[in-house]
Amino acid sequence: QWGIDRDVVLKKGSHLIGYAVLALLAYWASGNAHQAFWIALLYALLDEVHQGVVPGRSSSVIDVMLDAVGAATILLILVPLRRSGRRLTRIFADSF
């Protein structure tokens, strides 16, 4: 319906979510948002290079871009919250 390929949405969405989780874990491990972003981006680049040499797979610059967007988005949302000392549960509770 509406010309949307569900398989593509699922695959690209999984890139966003997967690399958001990777960046979040890297941030928790390092305590440094910049370092967490670069770790996630480096992993995304290496993953695409690896896919490029695997028979039957192809690499994609768009996938790396989606990975970077996922990593940056979670860090840009959660890092300022953590620095302000606010918790997500409190933010949601205050909005109702």
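Reader: What counts as a helix here?
Author: Helices are DSSP runs of H or I, at least four residues long, numbered from the N terminus. Keep in mind that this is a predicted model.

Reader: OK. How many salt bridges does the structure hold?
Author: Two. In one of them, the side chains of lysine 11 and aspartate 7 meet, at 3.3 Å from N to O.

Reader: How far apart are lysine 11 and aspartate 7 in helix H1?
Author: Four residues, so about one helical turn separates them.

Reader: Is aspartate 63 buried or exposed?
Author: Buried, because its relative accessibility is 7% and the cut-off for buried is under 20%. Lysine 12 is partly exposed, at 29% relative accessible area.

Reader: New topic. At what angle do the axes of H1 and H2 cross?
Author: Roughly 135°, and the axes come within 8 Å. H1 covers residues 6-30 and H2 residues 33-53. The two helices are therefore oblique to each other. The crossing is right-handed.

Reader: Which residues make the contact?
Author: Among them are His15, Tyr19 and Leu22 of H1, and Ile39, Tyr43 and Asp47 of H2.

Reader: How do the contact residues divide?
Author: Into 11 nonpolar, three polar and two charged.

Terms used
Residues numbered from 1 in each chain as written. Predicted model: local features only at pLDDT ≥ 70, side-chain atom pairs only at ≥ 80, totals over all residues. Heavy atoms only, no water. Axes fitted to C-alpha atoms, helices over the stretch in contact; angles between N-to-C directions. Parallel < 35°, antiparallel > 145°, perpendicular 65-115°, else oblique. Left-handed = near helix turned anticlockwise from the far one by under 90°. Contact = heavy atoms within 4.5 Å. Nonpolar A, V, L, I, M, F, W, Y, C, P; charged D, E, K, R; others polar. Salt bridge = Lys/Arg side-chain N within 4 Å of Asp/Glu carboxyl O. Buried < 20%, exposed > 50% of the residue type's maximum accessible area, 1.4 Å probe, protein only.
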